Amino acid sequence: MTQPTTYGGRPPMVVPGAPTPELRVARFRRHARRLVWSALVLILVAGAFGYFFGNLPAPLENWMLLTAAATVVLFLVLLPFLSWWAHVYTVTTRRVLERSGIFGVRRRELSHVRGYTIQERRGILQRMWGAGTLVLSNGVDQPMRLVDVPSVGLVHEALVDQVEVNQILAHRDAQALPPAPPPPPAR
């Protein structure tokens, strides 16, 4: 049995009973709007450092200015950026994964086959930035919250499609395949 060629980049349907490959549908982080304050702090620190370097009063020295600037940049710019960078959401054709943590990684996943409800919440600021929060609940486990998802409507549609496709494939694979016809008698 051969599979038809694909047009438009859509993968072909898998033969019943064959395992389906897990493909990545989307990978994203929280909306980067939280980094606006960090960027402003970085600009202000760079400007103040450039202005005051070499122009400090007598009791202060340049290494003190450098230490203060480095401390402010570390705590108000670098750590928030690393925190944002280390929190990743991944949607595949089989599940939704949430991975977070800089040093100790915490990972959580939710399977599409089991099915889940999707709630979309959008505050005023999230609407202005085109973001939102998705709450995925399967009724058994603790709900998974995807916070500040950029293009939340598109991600919502992708999740609904993946749940539907996975449940169709699971139902199809649960059906008994018809028995193969017996081989013809040998003469």
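**View 1. Phe52 is partly exposed, with a relative accessible area of 37%.** Partly exposed lies between buried, under 20% relative accessible area, and exposed, over 50% (1.4 Å probe, protein chains only). This is a predicted model: local features need pLDDT of at least 70, side-chain atom pairs count only at pLDDT 80 or more, and totals for chains, interfaces and linings use all residues. Residues are numbered from 1 along each chain as its sequence is written, and side-chain values use heavy atoms, with hydrogens and water left out. Tyr51 is exposed, at 56% relative accessible area.

Rings of Phe, Tyr and Trp (its six-membered ring) pair if their centres lie within 6.5 Å. Planes under 30 degrees apart count as stacked, over 60 as edge-to-face and the rest as tilted. By this rule the count comes to 6 aromatic pairs. In one of them, the ring centres of Tyr51 and Phe52 are 5.0 Å apart and the planes meet at 80°, so this pair is edge-to-face.

**View 2. Phe81 and Trp84 form a tilted pair.** Their ring centres are 5.8 Å apart, with planes at 40°. Both residues belong to helix H2 (residues 62-85). They are about one helical turn apart, because 3 residues separate them in that helix. Helices (H or I, at least four residues) and strands (E, at least two) are DSSP runs, numbered from the N terminus. Phe81 is partly exposed at 34% relative accessibility, whereas Trp84 is buried at 18%.

View 3. Phe81, Trp84 and Trp85 make up one aromatic cluster. The charged end of Arg29 sits over the ring of Trp85, 3.8 Å from its centre. That charged end also sits over the ring of Trp84, 5.9 Å from its centre. A charge sits over a ring if NZ of Lys or CZ of Arg is within 6 Å of the ring centre and within 35 degrees of the ring normal.

**View 4. Asn138 lies in the loop between strand S6 (131-137) and strand S7 (144-150).** Asn138 is buried, at 17% relative accessibility. A polar atom of its side chain lies 3.0 Å from the backbone nitrogen of Val140. The backbone nitrogen of Asp141 is also 3.0 Å from a polar atom of the Asn138 side chain. Contact means heavy atoms within 4.5 Å. Leaving aside neighbours within four places in sequence, Asn138 is in contact with Leu110, Arg114, Gly115 and Tyr116.

**View 5. Ala131 is buried, at 0% relative accessible area.** Ala131 lies in strand S6. His31 is 100 residues away in sequence, yet the C-alpha atoms are 6.9 Å apart.

Terms used:
Polar contact = N/O pair within 3.5 Å; in protein donor to acceptor, adjacent residues only side chain to side chain.
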